[in-house]
Amino acid sequence: MSEKIEFSLKVNGTDFSIACPPRKTLADALREDCRLTGTHVGCEHGVCGACTVVVDGRAVRACLMFAVQAQGSEVRTVEGLAQNDVLSPLQQAFIDNHALQCGFCTPGFLMLINGAFERDPDICEDELTELLSSNLCRCTGYRNIARAVLQVADKLKARSELAVGKPS
Amino acid sequence: MKTDKEAMSRSSHSRQVRKSAYIGKSVPRLEDRPLVAGEGRFVGDMNLPHQLWARIVRSPHAAGRLLAVDTEAARTMPGIVAVWNSDDISDIPNIPFRATSIQGLGPYTQPILARDRVRYVGEPVAVVFADDPYLAEDAADAVFVDVDEDTKPILDARDEPGEFAPGASTEPVIINKGYGDVAKGFRTAHRIVELDLSVGRHSGIPMETRGALAEFDMVNEKLHLWGATKRPHWNRDRIAEMLDMSPAQVALHELHVGGGFGIRGELYPEDILVCVGAMRLRRPVKWIEDRREHMMAANHSREQHHLIRAAVDSDGHILAIDETLHHDQGAYVRTHGARVADMSIGLLLGPYAVPAYAARAHFRLTAKTPAATYRAPGRFEGSFVRERLMDAIAHELQLDPLELRRRNFIASSEMPYARNLSALETEVILDSGDYSGLLDKAKRFAGWEALKSEAAERRAKGKHVGVGLGYFVEKSGLGPSELVRMTVATDGSVEIVTGAASLGQGMETAIAQIAADTLGVDYSRCAVIHGDTDKIAFGWGAHASRVTVMTGEASRLAAEEVRIKALNMAAELLQCAPDGLFLDDGVVHHVESGASVSLAEVAKALEPASSQRGDRSPGLTAEAWFHNKHMNYPYGAHIALVCVDAETGHVKVERYFVSYDIGRAVNPSMIEGQILGGLSQGLGGALFEEFRYDDTGQPVSVTFADYLMVSAAEMPETAVQILQDAPSPLNPLGLKGSGEGGVTAAGATIATAIDDALQRPGLVRRLPVTPQYLLQRIAEYDAGQHDARQSDDLTGACE
C-alpha cells in the first residue's frame with residue numbers, strides 16, 4: 001500500500017514528476033508533491049469542497065480522487081488563476097465584494113465557480129445558488145460570494161468572454 | 001472673529017479633503033490578496049525539514065475503565081518512530097483553566113492522554129509519531145484500546161449527577177446569581193409564566209480543522225509552536241508551566257487561521273502532545289486534525305436546558321424572573337472553566353429591566369465531547385430563552401409582543417445601567433443604548449407592518465408564513481488590557497504590533513484603518529503584526545469581540561503619540577511651529593506656506609545617528625496601553641419571514657433583517673460580513689446543526705453529512721442595518737464589537753416566526769427546529785389544546 005509509483009501530473013500547464021503511493025489523494029499530492037498549498041483540505045469526505053480543483057474542465061473534489069487518477073489530465077488549481085501577478089476578474093471580485101473572511105474555503109469556491117463558468121458562463125441566480133451550495137463557507141454567509149459571482153457573470157456576458165482566468 | 005458656522009464649515013471641509021479619513025469607510029481588506037491567490041499560509045501549509053507527523057488514537061468508548069492501551073503492534077509498523085500512551089507522559093499535568101474565578105474545578109481537568117478512565121468517544125488515549133501522515137494513521141488503527149464499560153454513560157445534564165471520581169460528583173458546581181426580592185415578585189404577580197426550553201449541542205466548526213507544528217530549537221533551548229491563535233500569550237505561559245520551562249523558552253506563532261468562532265486557539269491536549277513530541281523526539285512534529293476527529297474532539301457548545309419563570313403585573317411589566325439552567329459540559333472542564341454556564345445566567349436578561357432575579361446554573365459533566373465557547377456563548381441560548389419568555393408573556397396577557405418588549409426595556413436615560421450581576425469576571429454595566437429607538441428603526445427597516453400583512457395574506461391562502469422578531473444585547477470589548485507598539489519605517493510604512501490575534505475576521509484592516517486615520521497615512525501602508533509571542537511581551541488575543549475595541553483604542557493612542565513626535569520633528573525640518581502642521585496621507589504639510597515633508601523623511605531624521613534628531617529619542621515609534629475594566633454592550637434586533645412546509649416540517653427562511661447598533665462603525669462592509677456570517681451560523685443552530693449521541697454515548701454526527709451546516713441554498717436574502725446611535729462611553733471612538741451580533745438572536749427569531757407561521761403560540765421549545773422535531777411538536781401541541789385543532793388542517797407546502 002505504501003509502495004510508491006512514479007507518474008506525471010500536469011498542473012496549471014506545468015508537468016510535475018510524482019512518486020507517491022497509489023492511495024495518496026490528489027489533494028495531498030498537489031499540496032505536498034507539487035507544493036501547491038492553495039488547495040485546502042476541509043473534510044476529506046467530499047462535502048465541504050475546500051479542495052475543489054478543475055480537472056479537464058470539470059470542478060472535482062481533490063480529496064475524493066487519487067493523484068494517480070489525474071495522470072494524463074489537465075489539472076487547474078487556484079494558483080493558476082492569476083496571470084503574471086494580475087488577479088483574475090473573479091479573484092478581484094471576491095476582494096471587491098468582501099466575499100471572503102478567513103479565506104480557507106476561498107480557493108475551493110473560486111475553482112468551483114471557474115469550472116462552472118467554463119461550461120456555461122451564462123449563469124442565472126437560481127443556478128448560482130445551487131452551484132454555490134456545493135461548497136461550505138463558515139464565515140461569510142455566502143451572500144457576498146454570490147454578489148461577486150454575479151458581478152463577474154454580468155461582465156462576462158457584457159464582454160462575451162467565455163472563461164475567467166483561463167490561461168491564454 | 002470667525003462665527004461658529006464658519007468654523008464648522010471650515011472643519012467639515014478639512015474633514016472632507018483629508019485623504020486619511022478611514023474610520024467609517026468600507027475599504028477593501030488588506031488580508032485578501034494572498035488568500036484569493038492561493039498563497040495563504042495556514043499551519044497545514046507549513047513544513048519543517050525532518051518533521052514527524054502525529055496521529056491521535058481516540059477512545060471508541062464513551063465511559064469506562066481503561067484496562068490497557070496496547071501500542072506494541074503499532075510500534076513495529078513501517079515509518080513509526082514512537083507510540084505513546086499515558087504512561088509515557090505521566091509527568092505532564094492536566095490542562096489548566098484560564099477563564100473562571102469559580103473554584104473547585106481542578107479535579108475535572110483533562111489529561112493530555114486518558115489515564116485510568118475514558119470519558120467520551122474521541123478522547124485522546126495514545127499518540128503515534130511517524131515519518132508520514134498516512135503511515136501514522138495506519139499505525140494508529142493498530143493501537144488496541146481495552147476498556148471495561150463499567151458504568152452507563154450519563155448523557156443528559158438533567159439526570160441525577162453521578163460520580164466523576166471518588167468524592168467528586170459530576171456536578172462540580174451550582175452557580176447562583178441574583179438580586180432583589182424574587183419571592184415578593186411572585187407573591188404579588190398578576191400572572192406567572194413558565195417555560196421549559198432546550199438548545200441542542202453545536203460547535204463553531206471552522207472550515208480549517210485544528211493543527212499544530214512544533215520545533216524545539218536545541219541551540220537556544222526554545223520551543224516554537226506554529227498554528228497558535230486566539231490566546232497566544234496565555235497559551236505560551238501555560239505550555240511553559242506544563243513543561244516546566246520559562247515562558248521565555250516558549251514562542252507561539254500565528255499563521256493564517258481558517259476561522260475560530262470560539263473553539264479554536266484554546267489549549268487542547270493535542271497542542272501539548274505535539275510540543276512534548278518535538279522536545280523528546282528531537283524532530284519537528286506536525287499534527288493536522290481530520291474532520292471526523294474535529295467533530296468529536298474540538299470544543300462543543302450550546303447544549304442547555306432552561307426552566308424559566310416570570311412574574312408579571314397586569315400591564316406586562318416583569319416583576320421577577322426565576323431561572324434554572326442545566327448546562328451540559330461534556331466529559332471534562334476545559335480552559336473556560338464554568339464560564340459559559342456562568343455568563344448564560346449573568347447576561348440572560350438582555351435589554352429588559354427586571355426588578356428581582358434569581359438564577360442557578362447546574363454545571364454538569366456528561367459522557368460527551370467537552371464544551372466551551374462558541375460565538376455568542378450563553379447569549380444565543382439565553383436570547384432564545386428570554387425572547388420565548390417575552391412572547392409567552394405577551395400571549396398570556398394578549399398584548400402585542402413588541403409593545404410588551406417596549407414596556408420592559410431599560411430606558412436610555414437609565415444608562416449606564418448596573419445589572420448587579422457579573423459575567424466574564426466583570427460587573428455587568430450596560431454602558432449605552434437606546435433600545436426603544438432601535439426597535440422603531442428595525443421595524444421601519446424591515447417594513448414590519450408590510451411583512452405582517454404579507455404573512456397574513458399568504459396564510460389566508462393556505463400557506464404557513466410567519467414573521468418574528470428577536471431582540472438582544474451583546475457584549476464586547478473585554479479587557480483587561482492591550483498593548484500596541486507602532487513604528488514608522490524610513491520608507492514611511494507603519495508597523496503595528498499587537499498581542500491580539502486574527503481568526504480571519506479582518507482585524508488587520510480594521511486596526512490599520514484606526515491607526516492610519518489617527519496618524520494620517522495610507523491604511524494600506526500599515527502592517528499589523530499579531531499573534532506572535534516573540535514580537536510583543538503581552539497580549540490578550542482575539543475573543544469576546546474585543547480586538548477592534550481593545551487593540552483599536554491602543555492603536556489610536558499609539559498613533560496619536562507617533563503623530564505628535566512626527567509633527568515635532570517636522571516642525572524643525574520645516575522651520576515652523578508644530579501647531580501649524582497637518583499630517584495626511586503620509587506627508588506633513590505646513591498649512592500656510594504649503595511647505596511639506598514626508599513621513600519617511602521625518603523617520604529618517606529621527607534615526608539614531610541622524611544629525612537632525614537633536615536630543616529626541618531615536619526612532620519614530622511609540623507604545624501605548626489601553627486598559628478597560630468593563631465590557632461594552634452593543635445591541636440589536638433580528639426579524640425573519642419564514643414559510644413552513646406543514647407536511648414535511650421543513651422551514652424555509654425567506655427574508656431576514658438585522659439591525660445592530662455598533663456605537664461606531666470602523667468598516668461597515670466588514671461589520672456586515674461579520675453579521676451575515678454569524679447569521680449563517682445562527683440559522684444553522686436554529687434549524688439544522690446538532691451533535692447527537694446514541695444511548696451508548698456514540699456520537700452520530702461526525703461528518704458533514706450528519707452535522708448539517710447552512711449552505712448558500714439555505715441562506716436567506718438578508719438586509720443589515722448598522723446603527724451608531726449609542727457610542728460606547730468606555731473608549732473615545734465609541735467602539736463596540738461586531739463579532740457575535742449576527743448569531744445572537746437567530747434562534748429566538750426563527751422560533752417566534754415559526755410559531756406565527758403555524759399560528760401556534762409557544763410551539764417551539766427547543767433548537768434546532770428540525771423537521772422531525774417540528775412535526776412531533778405540532779402533534780403534541782394539538783393534542784394538548786382543548787379546542788382540538790384538526791391536524792389535517794395542516795397542509796400546504798411553501799413552493
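**Exercise 1. A strand pair and its sheet**

Task: How many bridges join strand 28 of chain B to strand 29 of chain B, and how do the two run?

Solution. Strand 28 covers residues 635-645 of chain B, and strand 29 covers residues 650-661. Between them there are 11 bridges, and the two strands run antiparallel. The model used here is a predicted one. Take one position as a check: B:Gly636 is opposite B:Tyr660 of strand 29.

**Exercise 2. Buried or exposed?**

Task: Is B:Glu72 buried or exposed, and why?

Solution. Locate the residue first: B:Glu72 is in helix 3 (residues 72-75) of chain B. Now count neighbours. B:Glu72 has 10 other C-beta atoms within 10 Å. The cut-off for exposed is 12 or fewer. Therefore B:Glu72 is exposed.

B:Glu72 and B:Asp532 are 460 residues apart in sequence. In space they are 39 Å apart, C-alpha to C-alpha.

Now look at helix 9 (residues 339-346) of chain B. This helix is mostly covered, with 8 of its 8 residues buried. Among them are B:Arg339, B:Asp342 and B:Met343.

**Exercise 3. Backbone angles**

Solution. Start with the general rule. Most residues other than glycine have a negative phi, and most peptide bonds are trans. The bond from B:Gly479 to B:Pro480 is cis, with omega near 5°. B:Pro480 sits in the loop between strand 20 and strand 21 (481-488) of chain B. Another cis bond runs from B:Leu767 to B:Pro768, with omega near 0°. The loop that holds B:Pro768 lies between strand 31 (766-767) and helix 20 (771-784) of chain B.

Turn to phi. A:Arg35 is not a glycine, and its phi is positive, near 55°. A:Arg35 belongs to the loop between helix 1 (26-33) and strand 3 of chain A. A:Arg35 counts as exposed because it has 11 C-beta neighbours inside 10 Å.

B:Asn420 also has a positive phi, about 65°. This residue is in strand 18 (residues 417-423) of chain B. With 13 other C-beta atoms within 10 Å, B:Asn420 is partly exposed.

**Exercise 4. Two domains of chain A**

Task: What separates the centres of domain 1 and domain 2 of chain A?

Solution. Begin with the bounds: the domain assignment gives domain 1 as 5-80 and domain 2 as 89-159. Their centres, taken over C-alpha atoms, are 21 Å apart. The contact uses 16 residues from domain 1 and 14 residues from domain 2. On the domain 1 side, strand 3 (52-55) and strand 4 (58-61) each give two or more residues. Strand 3 has the largest share, 3 residues. By class, this side has 7 nonpolar, 8 polar and 1 charged residues.

**Exercise 5. Where the chains meet**

Task: Which helix of chain B gives the most to the side that touches chain A?

Solution. First, the totals: 44 residues of chain B are in contact with 45 residues of chain A. Helix 2 (32-36), helix 4 (133-141) and helix 17 (668-687) of chain B each supply at least two residues. Helix 17 gives the most, with 7 residues. Finally, sort by class: the chain B side has 22 nonpolar, 15 polar and 7 charged residues.

Key: Residues numbered from 1 in each chain as written. Chains lettered and ligands numbered in written order. Predicted model: local features only at pLDDT ≥ 70, side-chain atom pairs only at ≥ 80, totals over all residues. Pairing = 2+ DSSP bridges. Helix = DSSP H or I, 4+ residues; strand = E, 2+ residues; numbered from the N terminus. Buried ≥ 20, exposed ≤ 12 C-beta atoms within 10 Å, placed from the backbone. Domains from an automatic or database assignment. Contact = placed C-beta atoms within 7 Å. Nonpolar A, V, L, I, M, F, W, Y, C, P; charged D, E, K, R; others polar.
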